[in-house]
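Dear colleague,

Please find below the structure I wished to hand over to you, followed by an account of what was found in it.

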Amino acid sequence: MNPVQRGKLAIAAAAIGVGLLSVTGCGFVNAQQTTHQYSASDGIKADLGQLQLRNILIVASGENEPGRVIGAVFNQSSTDATLTISGANGAQTEVPVKANSETFLNDTTDAAILSTAGVIPGGLTPVTIRNGSDSATINVPVVDGTLAEYRKYLPSTPTPTATPTSTSTSTSTESAAAGH
């Protein structure tokens, strides 16, 4: 191999090396997304001592309307726990969670209802979560029933019932007016 061929080979090897570095260099400069933990759903996640809250959100039809808390609570402790969730204007609900167990706040459990959502759907409302002496304030998303999967969780508000009225009064008045 003559010196010109060796020079061309060295330049080609250097070009391949630079090319490989530029392709793999993005992992060196940028953070790996697989190491970043995040909530891959509409709800949020939070840890409170031995309790882990996952996909927590509030379903409500409006800011001043009742809101249902949905999601999952995992108790990694060997004792039963009670998660207290306090929201806007003194709204509060409690969620019992058995030891070494999970509670899913969905249609198979008793509803965890706050008397008011605190913000319009689409916003975040600060709520305080408490278990014994552990407490934290977290921002929980509020959604409405626009999406079908949340519609069934909207708390129902009692509708006023109509008071029955007697129609005989109006009939006798009409008869008297007609001269009968």
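In this predicted model, the side chains of Ser77 and Thr79 form a polar contact at 3.0 Å. Ser77 sits in the loop that links β3 to β4. With a relative accessible area of 15%, Ser77 counts as buried, because the cut-off for burial is under 20%. Leaving aside residues up to four places away in sequence, Ser77 touches Gln50, Ala99 and Asn100.

As to the overall architecture, the protein chain contains three helices and nine strands. Their order from the N terminus is α-β-β-β-β-β-β-β-β-β-α-α. The chain has 180 residues, of which 28% are buried. Among contacts with a separation of 6 or more, 54% join residues 24 or more positions apart.

The largest nonpolar core comprises 26 residues, and Ile58, Val69, Leu83 and Ile129 have the most contacts inside it. Several strands each supply at least two residues of this core, including β1 (44-48), β3 (67-75), β4 (81-86) and β8 (124-131). The greatest contribution comes from β2, with five residues. Apart from this core lies another, of six residues, which includes Leu57, Val59, Val143 and Tyr153.

With kind regards

Terms used: Residues numbered from 1 in each chain as written. Predicted model: local features only at pLDDT ≥ 70, side-chain atom pairs only at ≥ 80, totals over all residues. Heavy atoms only, no water. Core = buried A, V, L, I, M, F, W, Y, C linked by side-chain atoms within 4.5 Å. Buried < 20%, exposed > 50% of the residue type's maximum accessible area, 1.4 Å probe, protein only. Helix = DSSP H or I, 4+ residues; strand = E, 2+ residues; numbered from the N terminus. Polar contact = N/O pair within 3.5 Å; in protein donor to acceptor, adjacent residues only side chain to side chain. Contact = heavy atoms within 4.5 Å.
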